[in-house]
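Colleague: Could you pick a single part of this model and give me a close look at it? I would enjoy one connected account, with the cut-offs spelled out as you go.

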Amino acid sequence: MSLALYAHPFSSYCQKALVALYENGTAFGYRSLEDPAHQQALERLWPLKRFPVLVDGELTVPEATAIVEYLQVRHPGPVRLLPDDPLEAVQVRLLDRFFDNYVSTPQQKLVFDVLRPEAERDPRGVAEARRLLDTAYAWLERHLADGRTWAAGEHFSLADCGAAPFLFYADWSHAIPEACPQVRAYRGRLLRRPSFARAVDEARPFRGYFPLGAPDRD
């Protein structure tokens with residue numbers, strides 16, 4: 001088996017890559033970072049120590065978005081996560097960046113702030129992160145209001161691979177309001193998608209790691 005993924009089951013960015021692998025039933029070796037030996041191997045492969053990291057033979061591919069795109073080029077399957085049409089692909093990539101920058105980034109700000117010593121916390125930054133999430137939820141509500149099943153239309157894509165874990169944890173950290181029923185319904189569809197449902201189930205043993213308290217509803 002040439003493919004190996006260094007990842008942690010509870011990491012949202014790792015789940016993004018895992019969804020892509022599970023969508024196409026791609027065979028790979030799962031190098032769980034719960035194992036210190038895999039942590040050490042990751043540091044040798046990618047000194048920045050960020051994950052996930054995909055290894056394909058002699059090639060190392062860090063960063064979840066790059067991993068998903070690489071898989072489509074080198075290990076394609078029946079589910080095309082990036083459309084062949086260049087303009088449609090631009091829209092998918094735009095939405096991928098939206099979920100990364102305007103959902104995941106502020107959500108992680110809320111989590112990382114809780115992990116700091118109380119004297120080092122950043123209430124202003126937390127308030128800004130919450131406002132950004134509210135703005136992102138409102139924009140996504142309007143975007144989905146034309147009847148889209150998935151982020152970019154009727155086909156599950158790279159954008160949904162990221163939206164799934166990012167909205168999952170964002171709702172835990174700063175709840176999607178009832179005023180955004182389209183977003184809440186979209187999150188529900190993502191949770192029912194078999195590839196993401198599998199990733200969620202694999203991460204259940206690690207919910208104690210979530211410093212804000214993981215709810216029982218998901």
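Modeller: Happy to! Let's start at lysine 49, which counts as partly exposed at 46% relative accessibility; buried means under 20% relative accessible area, exposed over 50% and partly exposed in between, with a 1.4 Å probe and protein chains only. Before going on, please keep in mind that this is a predicted model, in which local features need pLDDT of at least 70 and side-chain atom pairs count only at pLDDT 80 or more, while totals for chains, interfaces and linings use all residues. Residues are numbered from 1 along each chain as its sequence is written, and side-chain values use heavy atoms, with hydrogens and water left out.

Lysine 49 is placed in the loop between α2 and β3. Helices (H or I, at least four residues) and strands (E, at least two) are DSSP runs, numbered from the N terminus. For background, most residues other than glycine have a negative phi, and most peptide bonds are trans. Proline 52 is found in the loop between α2 (36-45) and β3.

What lies across from proline 52 in space? Alanine 64 is twelve residues from proline 52 in sequence, and their C-alpha atoms are 6.2 Å apart. Alanine 64 belongs to helix α3 and counts as buried, with a relative accessibility of 4%. Glutamate 63 lies in the loop between β4 and α3 (64-74). Glutamate 63 also has a positive phi, near 75 degrees, in a residue other than glycine, and with a relative accessible area of 45% it is partly exposed.

Glycine 57 sits in the loop between β3 (53-56) and β4 (59-62). At 46% relative accessibility, glycine 57 counts as partly exposed. From C-alpha to C-alpha, glycine 57 is 11 Å from phenylalanine 28, at a separation of 29 residues in sequence.

Rings of Phe, Tyr and Trp (its six-membered ring) pair if their centres lie within 6.5 Å; planes under 30 degrees apart count as stacked, over 60 as edge-to-face and the rest as tilted. By that rule there are 18 aromatic pairs. One of them joins tryptophan 150 and phenylalanine 156, edge-to-face, at 5.2 Å centre to centre and 80 degrees between the planes. Both of these residues, tryptophan 150 and phenylalanine 156, are buried. Tryptophan 150 also pairs edge-to-face with tyrosine 186, at 6.5 Å centre to centre and 65 degrees between the planes. Tryptophan 150 lies in the loop between α5 (123-144) and α6 (158-173) and tyrosine 186 in helix α7 (residues 181-192), so this pair ties together parts that are 36 residues apart in sequence. The relative accessibility is 9% for tryptophan 150, which counts as buried, and 0% for tyrosine 186, which counts as buried as well. Ring pairs link Phe98, Phe99, Tyr102, Trp139, Trp150, Phe156 and Tyr186 into a cluster.

Two charges join the rings. A charge sits over a ring if NZ of Lys or CZ of Arg is within 6 Å of the ring centre and within 35 degrees of the ring normal. The charged end of arginine 193 sits over the ring of phenylalanine 156, 4.1 Å from its centre, and that of arginine 198 sits over the ring of tyrosine 22, 3.7 Å from its centre.

Finally, the cysteines. A disulfide is a pair of cysteine sulfur atoms within 2.5 Å, and the count of disulfides by this rule is zero.
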